[in-house]
Each structure stands twice: as structure tokens, then as C-alpha cells.
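Keep the sequence and the model open while you read.

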Amino acid sequence: MSASVITVETRDNTSQNLIIQRPTTGLSLQGRIRVPGDKSISHRALMLGALASGETTIKGLLLGEDPCSTASCFQAMGAEISELNTELVTVKGIGLGNLQEPMDVLNAGNSGTTIRLMLGLLASHPGRFFTVTGDNSLRSRPMSRVVKPLQEMGAQIWGRKGNSLAPLAVQGTSLKPIHYNSPIASAQVKSCILLAGLLTEGKTTVTEPALSRDHSERMLKAFGAELTVDPETNSVTVTGSSQLHGQTVIVPGDISSAAFWLVAGAIVPNSELTIENVGVNPTRTGILEALEMMGADIKQENERTVAGEPVADLRVRSSHLKSCTIAGDIIPRLIDEIPILAVAAAFAEGTTVIRDAEELRVKESDRIAVMAHQLNKMGAKVTELPDGMEITGGNPLSGAEVDSYTDHRIAMSLAIAALNASDATHIQRAEAAAVSYPEFVATLQQVCHS
């Protein structure tokens, strides 16, 4: 592809403006690619490696900003973590219950997973004091969803707006086990309570209204935690005070990152892409089911199991998409993919309805409002709902000035939409993609053929 089709302008040494202009001769996407390591698994491998006795090795770690935040926080509390890279990271754990009181404020950056999961560990370390904060976006995101159940366990946590916003101060103490009926299906809430339960005498149980991603359960078992799962009631129970032992973790490709190429391959005519080594954990494959409902041509190939996680290569070919309704129990299994699904819906025949996704309003941005506004700027027909969107497809998109709102998934979703738009699309603050996918623009340039 010629350099003029995808251009990156750097402003003020940090802010990037990504310009995408489809050639008048047309565009197709071709090739075999690999996406970054799964962000959820990368976070948990670093955390459990730090808590375990012995050495943990991690292969395929995501090199995004969020896992870097997790690593720096646990280094500040005594874990020895080698320089982060995708080949091999070594974590020398300090043993369960041995996190040290840090000299300074712990900074979770932009990572909701880091701060929410870590709070369960900090609260359950008696006699130690911790303060944790994040960037502007993270300091505006709700923490009460984990603070309240931790307080039910006896945690001492203080913060802004009734202990619901960071910065948060935590005085570690001995917690008591609870059975928590979570009002939302959230892997972060579930994982926070399970991690607190590791250091709590007795059995701590979390019951969810629907199944959320289960990476924590799989990895806790692999590290030696005493954990039981009841799929009939969506309940997980951890028994406290069992020791964790260092493991070898192989991180598969992140299906949330693969989702951008699945949609791109489906909507850009005459395209065929193969995304290799993608994690296809059943609690994460809602994106595949939704695209299948829309008529996308996606095949799973070379299916296998790697370190307890199911993995496959995903081949996508361009196809004629149709509208569908995305709601109910599938939502927790594709919550992060809804921005790119909105792009798919803009090119599908009919009106796609997305409901039960109010969680999107408290992500890195209000993803419902931002995606609706930005796609409408490009000529799409998107109506906001309190808990989702209605998207009438088939309206030709044209280039426009759009903004990522410093949200990585918004930035990449708008870039995929721009591939099928006439005229140039200018995506402001596109550097946000680096949070989860530092090589996104390079990969985009690699697969585009005019």
C-alpha cells in the first residue's frame, strides 16, 4: 500500500493523528497475521506469578501499557520481574501474603483490571498500608463495584465520592469469607473477590447473573489454588490459605484484538485474512457468535489447547452481513468487542440492536455515546439507547474528523470503519491504540492492498 493511504502525524511529541484514505481503485485485505497476547491473561500471569512461591515464566506477554502498569505495581511491592518482552518474562514470586508495603503510591495507569484485581490483594494483607491511583480516565471509573463486596469482607478502603473513585487508600486487614451475589456479570469483580479469598480463612464464593470470562479460575487452578466451579449456578468458590506455585504460562493471542481484523476482513470486499494463535476460550467467543449471526464467513482452523486455554487460527473472508439483535447472556462474553461490532453493523443490511450493555458507559470512555457520535459523523445511522445502540446499516460512510477520546478500542474501531469510507478519515489521538495493541497501525499497513 502506498504511504499516502495510511499516514501518521505526530503532534506535541505524544498525540498522533491517523489519516486513512481508501484508494479510488479499491482496497482489499490479505495475509496471515498474529495479534498481541491476551491482555486478561497477561495481567493475571504477572499477578499470580508475583504471589506464587518459586519462578514463573511467561511467553507471549502483551507489551501494552496496561500490563506494564501491573508489572510496575507488583515490582513496587517486592516481586522481581524481568524486563517485559514477548519472548520470555521471568517472575520471581514472593509467596502468598508477602506483598510489601510500597514506598510510594501505586499507579495503575489506564488499567481497570490492574486496580480492581489488585484491591482484593491489598485489602487482605494485614498490617500494611497502600495507596493506589491511575490516570485521568481511571480516576473517573467506578470502583464501588469491588469496594463494596470487599467492605462486606471487612476491608478498610477510603477514596473519593464515598470510597467509589481513585485515588484509594487501603489499610490491609484480616478478612472474613463471604458468598457474594454479584449484581453484574464482571470478571473483574469476580476476580477481585477470589484474590481476596486467597488470603481469607474459609470458603469465599462469587455467584454471577451470567457467565463472565473465566481466565482467573483457569489460572488460579494451574497455580495450585483450591477452587471449585459450579456452572449451573455461575458460582466459583476459593478456599483460602492454599499456596500458589510458579508455573509456565503461554499467552495466546487476544481475541479482542483479533476482533478488529475479523470485522475488517468481513466488510472490506475481496478480503481474506488468517489470524493465527488466537485464544478461543468459550467465555470470550461471543464476538464469533455475533458475527456468525450476522453472516460473516469465519472458520476456526488448527484448533488446540495451550497451557489450559483453547487456541485456534481464525480465517475470515469478506461477506454480505445482515443485521441481528445482540443482547442478554452473550453481552459479558463480548463487552469489549461492541465498538467494533457497531462498525460491522454499519455495513450490515437492516437494523442491528445492541442491548444490556450499559457497562460500556463506564469503560475508558462512554463507548456507547462516543461510537454513536463518531460513526454518525462519518454518515452512519446510529441511535443511542440507555444500554446500547440501534444501528441501521447500508448508509455509505465518508471520511470525517473523528476522535478516539483516548480510548484504544474506539481508535481501532474507527480505523476499520475508515477502510470502507470515501475520502480521508482523520482519527485524532490514535496513539491510544498502544494501550492494548502497539503494532496496530503497522499491521494495518501490512494487510492493506490496493
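Q: Which residues in α3 do His 43, Arg 44, Met 47 and Leu 51 in α1 meet?
A: Helices are DSSP runs of H or I with at least four residues, strands are runs of E with at least two, and both are numbered from the N terminus. Contact means heavy atoms within 4.5 Å. On that basis the four α1 residues meet Thr 113, Thr 114, Leu 117, Met 118 and Leu 121 in α3.

Q: What does the contact of α1 with α3 have by class?
A: Ala, Val, Leu, Ile, Met, Phe, Trp, Tyr, Cys and Pro count as nonpolar, Asp, Glu, Lys and Arg as charged, and the others, Gly among them, as polar. By these classes, the contact has 5 nonpolar, 3 polar and 1 charged residues.

Q: What is the source of these values, and which cut-offs apply?
A: This is a predicted model, where local features need pLDDT of at least 70, side-chain atom pairs count only at pLDDT 80 or more, and totals for chains, interfaces and linings use all residues. Residues are numbered from 1 along each chain as its sequence is written, and side-chain values use heavy atoms, with hydrogens and water left out.

Q: At roughly what angle do the axes of α1 and α3 cross?
A: Axes are lines fitted to C-alpha atoms, for helices over the stretch in contact, and angles run from 0 to 180 degrees between N-to-C directions. The axes of α1 (residues 39-51) and α3 (residues 112-123) come within 11 Å. They cross at roughly 25 degrees.

Q: Are α8 and α10 roughly parallel or roughly antiparallel to each other?
A: The axes of α8 (residues 255-267) and α10 (residues 338-346) come within 9 Å and cross at roughly 5 degrees. Angles under 35 degrees count as roughly parallel, over 145 as roughly antiparallel, 65 to 115 as roughly perpendicular and the rest as oblique. The two helices are therefore roughly parallel.

Q: Which residues of α10 make the contact with α8?
A: The α8 side supplies Ala 259, Phe 260, Val 263 and Ile 267. The residues of this contact divide into 7 nonpolar, no polar and no charged. From α10 come Ile 340, Val 343 and Ala 344.

Q: Which residue in β18 stands opposite Gln 300?
A: β17 and β18 (residues 309-317) run antiparallel, joined by 8 bridges. Opposite Gln 300 stands Leu 314.

Q: With which residue does Arg 34 form a salt bridge?
A: A salt bridge is a side-chain nitrogen of Lys or Arg within 4 Å of a carboxyl oxygen of Asp or Glu. Here the closest N and O atoms are 3.2 Å apart. Arg 34 is in β3 (residues 28-34), and its partner, 242 residues apart, is in β16 (residues 272-279). That partner is Glu 276.

Q: What is omega for the peptide bond from Ala 166 to Pro 167?
A: Pro 167 is found in β10 (residues 165-171). The peptide bond is cis, with omega near 5 degrees.

How values were computed: Pairing = 2+ DSSP bridges.
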